[in-house]
Amino acid sequence: MAPRLARLSALTIPVALLLADGDAHAAEPIRTHDLRALFGAAPGSVAERRQAYDTLVAATCLQGIVNRSSPDLYLFYVTSVVDGSIDTDQLWFDRMSDPKIGAGILDGRTVVALTGLEEALQTYAARLQGLVVWDEKVPATVNAAFTAAGADDLIAVRWDSDPASLFQKLQATLPVKVWLVNQDGSSRFLDKQGSGLVPDTSRQTSQSAKADAYVWALEKYLKVPGKLDPTEFGWMLDARWINTPQQYDGSMTATNQWQITNRDFLVARRGLPFDLSPWSDVPATDDPGQPVGTDPAILKELMAAARAGAGGEVITIRGFFGWQFKYTTLEGLPAGHEPVMGEWTSVQLVSPWAVGLDADAPGVATMANASFFSHVPLDENVAPQPRPTPEDLVGAGFLSGLAGNGGFEDGESGWVVHTTNHVVYTDPASGPAVARTGLRRIEVNTAAVGDDMQDNLYRDGPGVAAGQRVTLRAFVRAPAGSVQGQAVIWALGGSTEQAVTSFTAGSEWTEVRATLDVTGAGHTSTRGQIYLKTAGANLDLDDVAFYQGDAASGSVEPANYVLWFVGDYDAASWIYEFSPVTWDRPGRGLVPLAWDFSTHVATRFPLFFRHALATRTARDFFIGADSGPGYGNPGVMDAASRSIWTRAGVRNARRLDTSAAWILNPLDPLDAEHLGACTPFTGDGVLLMSAGGVSTPSIVDHAPVLALDNLPGDTVADMTSAIVGASPAPSQPSFHAFREVLKPTTDLVAVTHALVEDHADRKLRVVDPYTFLELARHKLGGSNSWRASFKDVSLESPVVVGKGAHLEFKVRNDGWETWRAAAPQQYRIGLNVSSSPPDPRTLPTDGAAYPTRLSLPADVPPGGEVALSVDLPAAATVGRWTLQGDVVQEGVTWFESQGDIPMQRTLVVVDALPDAGVDGQVDAPGSEGGKTDSSAPADGSLVDSPAQQQEGGAGASSFQGASDDDGCGCRAAGARQDRWSWMGWLAAGWMMRRRLRNRRALWPTASGT
């Protein structure tokens, strides 16, 4: 026993030290540096531009270095270019005080304002290793300097002979570690050097000083293992502004257009910024003497080197090619080189290496503090949004039942109203929403209870036969007081049958249900009827579903189904500046909106994702954008890159519970094979805006594929006219997804009202993305079964080796078929624990996977949910493990195989836990309340760096069980657990000590050393 205790002590001491370090560091104040005076500044003299640029570069390098391990330095710089009344950096700083948004990142820390850059550099001097000096005459060297700054903890500074310059001041106190200019100020990088070499390398020059600066960064840093993060790049403007401050129209540009502060994240993550032309047929406009094709050739070389080091991870480029200043017809290039074509060509150029853009485009290009925000943890447990059930769709009038117009969107059509008073109300465009769904509801009252001509309303349907079931489901509310009533089903003709349910309506929408199991014959018609039993009080009624048998058997009603695809939010900087004037303004919650907040920006701006989840309404929905884990082009990816893309896309989709996306592929036909890079994380649907390949509408790999159209017009009238023009009076269901870019939500609400109120003949139904895509798939002949959401997941984590973690969760049936609890082909929950996240769709093909199976206690109807709990098998070794859960219809299919996304959570296993707190709860470093570890990397990975990624399969799991095979690789929970030998324990202890030592080395102390 003694040797075992010794090993435990060796592991627990570093844990205690790590916690002590964390506590000391948390006590350090948050320091702020105010640079707002420089934002929007467009100084007229070169000297003033030099000073502004130097200040911003130094502050950005410092911030990235300081914030690498924890959020310590915050810059006040960005004020809104969209709405001048908004102080953007202050707004988001203040929001971090809200625990729902900031997750306690500011808790217990004072805020100290620094007096300026000099004090900032002095305060954090112990964290700096020196300077990297760049050359103003070769603007690209600033990006090479930023690369060195992140890799070696240096401040990038421009060479300047002026004694008052920042270079001369800093050189007196910090050693120069890297020279990108000769010490006398002459250039090290020169054009047309003949057979010369790129400085500090054995590479022959490209004959372009600009290109050679990036070759230098490639050879000195990117190709050297451990120097850079090969998954992080920035397409960011170089220092051309200092001497060429004009943009294409001749106007002077300000500091905020040059994306300087965006690079703090790259410094913190040790990334590489570049500014290169995408064109292979013309010289770069900022380097016209270079050999044609030099810029894109260098860019391809950067991506190829990055792919070699990135393992199985997507490479992300933060930024966008600088069309506003370079590389397009606006700067004199011939036709075919327009800005949009340049955008598409840029994405096409880098995509083969599984690369996606976090597309900070010029205009609203600037962000600060991403290195600070990146420490805000994202919860693994994102509350899933409810999906409509078939019954909901019948009630809304979208699926056929015994009678239509259950949502009153067509006024009283189909209803007989025998009440003293009644009005079909349309919700006001200024809100709040009153109707349960859609825009309309009916309100009724009676002065004469018991008078058949004044106390009821009803709708009639066709007859039914013996053995059939008829359902009447309605939602009721009483705006003031309460109202008694009855829901009644009649089977008329022959011997009349009825079913009656009494109800009391209150101030909230309440479901009322009546069910009639028909026993007699000869019924020629049916009636669903609502009786009022309270006089003089108003009753609201909405979403009345009246149907026979299975609601899912109904056909899609003829109508023009419209989806608002609300974009473009595929860049952290755009979300940073635009969401306060779109998401945060009035208009949300009145009509369904599908917001395309690209989840790949969460690593840089997780704060917004917490804000969006905390403030969304029931009519705000999230949908993926730009092909998934970045703005990329799956059409040019090979099988290996598509696999990488899929894995990242599935992981990212969990951040906002998205299951559909827009796929943008404008230059290349997208066939079903290449679309398969996306369908595992877009199983509920694809909105396609691309050339050829896949027809729309169609079904590919279980996913409905529909066209996405740009909506023309800037005014409400123009947008309304465009939608009406594309939507003739329907004789069959038609589906129209309209993409609008950064429009005020109030405009979208106004258009929706105009469509419904002024164009009733077109039957325009603005719906949420789940309704839109489920109806489309049903119309196309696909199946809406095999869909699930995991809710309220509580996983005991961390746990000690040898103890099984306790798991509790709810699972909701989001499909259109009832889950049967009993055999044959019963539904069960499968759980798998593995050492690394399984590749998408690998576990359903592995007969040994999902060894833990949970049976359902009862049948679960569409929209129903069930609570389950289990003690997982004990872990045999320390580490971070991935728990994955999925639903299986035994002998038929796993849900993942049908395009559903399984649940994943992180399980931390340690050799010993820290002491419990005063309440007895034990917390691990970075965990919250003993639940799932929310300190996992924002990208959801369970390892420290791409070099440590394990690829493929479920990983080598020590959570093992054996049982009978039930079909589909189905296994019930088993009792066998493998035991590790003493060598296994020794290896685990050594790995844990090394892991903790590495973490400790990266964790600065309170003194900044």
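1. At what angle do helix H6 and helix H8 pack, and how far apart are their axes? Helix H6 (residues 141-152) and helix H8 (residues 209-222) pack at an angle of about 15 degrees, and their axes are 8 Å apart. Axes are lines fitted to C-alpha atoms, for helices over the stretch in contact, and angles run from 0 to 180 degrees between N-to-C directions. The angle therefore makes H6 roughly parallel to H8. (Under 35 degrees counts as roughly parallel, over 145 as roughly antiparallel, 65 to 115 as roughly perpendicular, and the rest as oblique.)

2. A word on the model. This is a predicted model, where local features need pLDDT of at least 70, side-chain atom pairs count only at pLDDT 80 or more, and totals for chains, interfaces and linings use all residues. Residues are numbered from 1 along each chain as its sequence is written, and side-chain values use heavy atoms, with hydrogens and water left out. Helices (H or I, at least four residues) and strands (E, at least two) are DSSP runs, numbered from the N terminus.

3. Back to the helix pair. H6 passes H8 in a left-handed crossing. (Left-handed: the near helix is turned anticlockwise from the far one by less than a right angle; right-handed: clockwise.) From H6, Thr141, Asn143, Ala144, Thr147, Ala148, Ala151 and Asp152 take part; they meet Ala213, Tyr214, Trp216, Ala217 and Tyr221 of H8. Contact means heavy atoms within 4.5 Å. The contact residues divide into eight nonpolar, three polar and one charged. (Ala, Val, Leu, Ile, Met, Phe, Trp, Tyr, Cys and Pro count as nonpolar, Asp, Glu, Lys and Arg as charged, and the others, Gly among them, as polar.)

4. Next, a sheet. Three strands form an open sheet in the order S5-S4-S6, with parallel pairing. Strands S5 (154-158) and S6 (176-179) stand at the edges, each with a single partner strand, so one side of each has no neighbour in the sheet. The twist averages 25 degrees from one strand to the next. Two strands pair if DSSP finds at least two bridges between them. Strand S4 (residues 130-134) is joined to S6 by three bridges. Valine 132 has valine 178 in S6 as its bridge partner. Helix H2 (residues 46-66) lies across S4 and S5, and runs at about 170 degrees to S5.

5. Is arginine 318 buried or exposed? Arginine 318 is buried, because its relative accessible area is 2%. (Buried means under 20%, exposed over 50%, partly exposed in between, with a 1.4 Å probe and protein chains only.) Arginine 318 sits in strand S9 (residues 315-319). Leaving out residues up to four places away in sequence, arginine 318 touches residues including Glu232, Trp235, Asp358, His600 and Arg604.

6. Now some backbone points to check. Most residues other than glycine have a negative phi, and most peptide bonds are trans. Alanine 103 has a positive phi of about 55 degrees. Alanine 103 lies in the loop between helix H4 (99-102) and strand S3 (111-113), and is partly exposed at 25% relative accessible area. Leucine 742 has a positive phi near 60 degrees. Leucine 742 is in the loop between strand S29 (734-741) and helix H19 (745-758), and is buried at 17%.

7. Look at two cis peptide bonds as well. The bond from glycine 431 to proline 432 is cis, with omega near 0 degrees. Proline 432 is in the loop between strands S12 (421-426) and S13 (440-445). The bond from glycine 567 to aspartate 568 is cis, with omega near -10 degrees. Aspartate 568 is in strand S21 (residues 560-569).
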